[in-house]
Amino acid sequence: MTTGLNVMVVDDSDDLRDLISMVIRRHPEGWRVVATATEGRQAVDEARSAQPDLVLLDIAMPVMDGMEALPLIREAAPDATVVMLSGYPFETAGRGALEAGAHGYLEKSDLVRSLIPRLEKILDGSPRGA
């Protein structure tokens, strides 16, 4: 199920977007970053064009934040799994993200070490990737 996934990374931080993209590209089953975006409106357009399998979507961004972009991305790429990324703890923003239609929620702390295993758990059905 997780072989050869096409991934879109959405975050307003260039450094974090690059770091997450690097981790994704190192996945042993050939995950690819097919699109990136720096804010929600751009993410909707990129999702429509790229039709990614997985979208990693930051919550706090300028122009249009992740919570505003979430339903539009789900509409633009209906087959995509959308995982929200945030510096906020689950108790603060995670429940709302899941209720709004996200498939999963990951806190940004320690993403380099744990991103792939946590994403694989979400893809297997655990919404928090715990």
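Colleague: Asp 45: buried, exposed or partly exposed?
Modeller: Asp 45 is partly exposed, at a relative accessible area of 46% (buried is under 20%, exposed over 50%, partly exposed in between; 1.4 Å probe, protein chains only). This is a predicted model: local features need pLDDT of at least 70, side-chain atom pairs count only at pLDDT 80 or more, and totals for chains, interfaces and linings use all residues. Numbering starts from 1 along each chain as its sequence is written, and side-chain values use heavy atoms, leaving out hydrogens and water.

Colleague: Which side chain meets Asp 45 in a salt bridge?
Modeller: Arg 48, at 3.5 Å from N to O (the criterion is a Lys or Arg side-chain nitrogen within 4 Å of an Asp or Glu carboxyl oxygen). Arg 48 is also partly exposed, at 47%.

Colleague: How far apart are Arg 48 and Asp 45 in helix α2?
Modeller: Three residues, so about one helical turn separates Arg 48 and Asp 45 (helices are DSSP runs of H or I, at least four residues, and strands of E, at least two, numbered from the N terminus).

Colleague: How many salt bridges does the structure hold?
Modeller: Four. One of them joins Asp 11 to Lys 108, with the closest N and O atoms 2.8 Å apart. Asp 11 sits in the loop between β1 and α1 and Lys 108 in the loop between β5 and α5, so this pair ties together parts 97 residues apart in sequence.

Colleague: What else does Lys 108 bridge to?
Modeller: Asp 58, closest N and O atoms 3.0 Å apart. Asp 58 is in strand β3, so here the parts tied together are 50 residues apart in sequence. Asp 11, Asp 58 and Lys 108 are linked in a network.

Colleague: Is Asp 58 buried or exposed?
Modeller: Buried, at 3%. Asp 11 is buried too, at 0%, while Lys 108 is partly exposed at 22%.
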